[in-house]
Amino acid sequence: MGHNEPVWFGFKGSVIKLNKKNKWKPKNGVFNCFTVLCAIALLDSRKRKKRTGPSVHHKKKRRLLPYVPSKDPDCRLQQMQSLAVALTQLNLEFSDDLTYPPNMAPRSANQAILEHEGMQVLCKEDFETLEKCRAMAKRGECPPLLIVYDSCLGYTVEADDLIKDLTLIAEYAGDVDYLKARDDDDGDSLMTLLLATDPAQSLVISPDKRANVARFLSGINNHKPGSKKKQNVKCVRYNVKGESRVLLVATRDIQKGEKLYYDYNGYENEYPTHNFI
């Protein structure tokens, strides 16, 4: 039956004609209640067929924000000096990049596609934010952070100004190595870079020779009730142009003077945090 052809509907000599505009009339001027009810049901079924599913409103994904450097040059100088002192005390070289020294994992080993359960891709807008932050750092416009030594915690990181939720704070930097080569490493700052399906291809970042401010953020105690409330930063691994990168992002507004904490076991429960305060 064509889409615009009339529909004839009849019972016991009574016929109702439904045309393309859903107009109806009795044939021979005769119809009964049953015929009318059937016609109404048919009209209602036509209306139902025209209905679409409920409209779905997807929540717009929130994008990363670039950090906002302190406006006062003296404050920025103090922030950079605090980082320089901490690096010097630990005999570390400053680096904002992933480095691939000889006799460790080559850069070609860092393939995000090898991630066991897949890795989220850094979108164009967030990549631009990352590049903006890197450009600011190269100009000496560092994130508003102070490295402060605590007699109980060691070196910690404090916000030196308000840091908004979803602010990109830093990228985890250091030497890239195979996880299997670090089985006996007793360092306290190894960061997972890639969890491959083949464990032999898994990678870590080791900031024991080169590092940046990300190396000094504190971890929460996964075994202490209420410790989770202290967390104000998350560690996220992204596929950035085919390579895995680790970014530290604020999970809420962080007020000036607050210490920065994230979960060392955000991806896997391998890091012992029983003794964390």
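1. The lining of the second largest pocket is made of 17 nonpolar, 4 polar and 5 charged residues. Here Ala, Val, Leu, Ile, Met, Phe, Trp, Tyr, Cys and Pro count as nonpolar, Asp, Glu, Lys and Arg as charged, and the others, Gly among them, as polar. A pocket is an open set of points on a 1 Å grid over the protein atoms alone, where a 1.4 Å probe fits, with protein on both sides within 12 Å along at least five of seven lines; lining residues have an atom within 4 Å of a point.

2. This is a predicted model, in which local features need pLDDT of at least 70 and side-chain atom pairs count only at pLDDT 80 or more, while totals for chains, interfaces and linings use all residues. Residues are numbered from 1 along each chain as its sequence is written, and side-chain values use heavy atoms, with hydrogens and water left out.

3. The second largest pocket holds about 530 Å³ of space, a volume being the space filled by probe spheres set on the points, which are joined across faces, edges and corners. Of its 26 lining residues, Phe94, Asp96, Ala137, Cys142 and Pro143 are the closest to the centre. At least two lining residues come from each of α2, α3 (124-138) and β9.

4. The protein chain has 3 helices and 17 strands; these are DSSP runs (helices H or I, at least four residues; strands E, at least two), numbered from the N terminus. Of its 277 residues, 41% count as buried, that is, under 20% relative accessible area with a 1.4 Å probe, protein chains only.

5. The largest nonpolar core has 36 residues, and Val157, Ile169, Val233, Ile254 and Leu260 have the most contacts inside it. Such a core is a set of buried Ala, Val, Leu, Ile, Met, Phe, Trp, Tyr and Cys residues joined through side-chain atoms within 4.5 Å. Elements giving it two or more residues include α2 (73-89), β9 and β15 (233-240). A second, separate core of 13 residues includes Leu122, Cys133, Leu166 and Leu168.

6. Thr167 lies in strand β9 (residues 167-171) and counts as buried because its relative accessibility is 5%. Leaving aside residues up to four places away in sequence, Thr167 touches Leu65, Pro66, Tyr67, Leu248, Val249 and Ala250, where contact means heavy atoms within 4.5 Å.

7. Ser206 belongs to strand β12 and is buried, at 1% relative accessibility. Beyond residues up to four places away in sequence, Ser206 touches Gly174, Asp175, Arg182 and Leu190.

How values were computed: Buried means under 20% relative accessible area, exposed over 50%, partly exposed in between (1.4 Å probe, protein chains only).
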